Amino acid sequence: MSIKVRIPTQLRTLTAGVGEVSVEGSTVGEALKALDVAHAGFAERIFDDGGGLRRFVNVFLADEDVRFLDGLATPVADGQTLSIVPAVAGG
Amino acid sequence: MDFVSGLRCRECGRAYPAEALHVCDFCFGPLEVTYDYEAVAATMSRERIAAGPRTIWRYADLLPVRDTSPVDLGAGFTPLIRADRLAAELGLGELWIKDDTANPTGSFKDRVVSVALTKARQLGFKIAACASTGNLANSVAAHAARAGMESVVLIPYDLEAAKITMTSVYGGRVIAVEGSYDDVNRLCAELTSEQPTWAFVNVNVRTYYAEGSKTLAFEVGEQLGWQAPDHVVVPIGSGSQLTKVAKGFEELWKVGLLDEEPHVRISGAQAAGCSPVATAFAEGTDAIRPVKPDTIAKSLAIGNPADGWYALDAIRSSGGSCASVTDDEVVEGIELLARTEGIFAETAGGVTIATLAKLAAQGVVRSDERVVALVTGHGLKTVEALSGSVGPTATIAPTLEAFDRALGDTYEPAHQPAARSPR
């Protein structure tokens, strides 16, 4: 399944400046791992030592925080958009 | 010249120059402004501060930007009011209210925005933007107008009417988003990647912006005669203000402005309908679980608080506490403060006062402590919260008889001839 992933400024050095890339995967976790395969370096930036999302990384599936869904195990459908967004904002 | 030595990631410690950065490129941790405290200590003095303007800019030596003509509407140096009548109701001893309703647009946000836009202008930004629960929107729109900058303010569509009017009147663009504040915040965080020339004060300028809240601690210290209080009660939205109040007291000591080392207990106040920090505190965990807010305290309705973890840490390491109060208690808190001290606070102030009352009843805030409660926004912004709770005592015909009937025997009759003095 083809998933669009929106990339924040801080990570665009890994995608040659591109703000949106497409990857394959059937869950949020699979899609993010595929992102690391296509553009080496993503995993160490967004995952902590335990393999979970870093404390200050938010991931949204179709604009919903995946922590309100099933986290990295959340299934994704063809054509959906994932956004990686720095968590430190607002207030 | 300012005394900023650079930026440092709070998580991994990586150092960055003082540019338009807000999170660590590596781990996404928040960047914190660092200062050359020895140089500040050699320059800053009580006399130098006293000779400064009666605004936040009297503490410019500990702010992240220096400008002879800052973006300024007069934020800060708000009254610190001794609240004996409220203290008596709550069984407390020495209680003070930091009355930030007195700021130019009626909330503490003027402190952070004055700093943020002064820095943004220095960094070359032409457009001021933000994600806001209302108070920040008011302040960004007003300060941008003052500075001759364009503004784009994003708010949840269902904010209180006064907050929308108070934002729109300044002539900038106001975008009402069909979603919660957390949705607006996510949208703005994504927009900063697409609009890198816009200064989103609480996103890509947040590192500098947040420093403005330290002035609350600076003022409290100065207004108490260069002494720190024993206990401060602070409302929590994102948690930024609370962490910066803690930093402010530490800095006062570090640069030699206090006679005694401060040991300030810091307690947090949340609304029960949005209490991720209070919940984590009660459960004794480090993990802040995001929530979907449902409370009348819209200015604190941030379900995913960016500085929640740091606020929790500041509370625990200071020996403070954190509690939440229901919407009914928020309204009671607003009325209690108004009735006892003549200060009309918005819902966030109701959260602070109701939480103070709760912590006092629990013996957490003690009668032997010098206590300061931060009241951070004006009640006229959230009059909806009081509809049905307060109103006219009576509605009458314009006659003396009707007046006497309405007030019954609670007062002396107004038209008693004997009460008139002879000519």
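Q: In which loop of chain A is the place of A:Asp63?
A: This is a predicted model, in which local features need pLDDT of at least 70 and side-chain atom pairs count only at pLDDT 80 or more, while totals for chains, interfaces and linings use all residues. Residues are numbered from 1 along each chain as its sequence is written, and chains are lettered from A and ligands numbered from 1 in the order in which they are written. Strands (E, at least two residues) and helices (H or I, at least four residues) are DSSP runs, numbered from the N terminus. A:Asp63 belongs to the loop between S3 and strand S4 (64–65) of chain A.

Q: Is A:Asp63 buried or exposed?
A: A residue is buried if 20 or more other C-beta atoms, placed from the backbone, lie within 10 Å of its own, exposed if 12 or fewer, and partly exposed in between. Because A:Asp63 has 12 other C-beta atoms within 10 Å, its class is exposed.

Q: What is the phi of A:Ala16?
A: Most residues other than glycine have a negative phi. A:Ala16, in the loop between strand S1 (2–6) and strand S2 (20–24) of chain A, counts as exposed because it has 8 C-beta neighbours inside 10 Å. Although A:Ala16 is not a glycine, its phi is positive, at about 55 degrees.

Q: Which strand gives the largest share of the side of chain A that touches chain B?
A: Contact here requires that the C-beta atoms of two residues, placed from the backbone, lie within 7 Å. Chain A contributes 22 residues and chain B 30 residues. On the side of chain A, strand S3 (57–61) and strand S5 (81–86) each supply at least two residues. The largest share, three residues, comes from S5(A).

Q: How many bridges join strand S11 of chain B to S12(B)?
A: In strand S12 (residues 322–325) of chain B, both faces are covered, with B:Cys322 and B:Ser324 buried on one side and B:Ala323 and B:Val325 buried on the other. B:Ser324 of S12(B) has B:Gln270 opposite. Strand S11 (residues 265–271) of chain B runs parallel to S12(B), and the bridges that join them number four.

Q: Which residue is the bridge partner of B:Asp99 in S13(B)?
A: Strand S5 (residues 94–99) and strand S13 (residues 370–375) of chain B pair in the parallel sense over six bridges. Within S13(B), the partner of B:Asp99 is B:Val375.

Q: At what angle do helix H4 and helix H5 of chain B pack?
A: Axes are lines fitted to C-alpha atoms, for helices over the stretch in contact, and angles run from 0 to 180 degrees between N-to-C directions. The axes of helix H4 (residues 109–123) and helix H5 (residues 135–147) of chain B are 9 Å apart, and the angle is about 45 degrees.

Definitions and conventions
Pairing = 2+ DSSP bridges.
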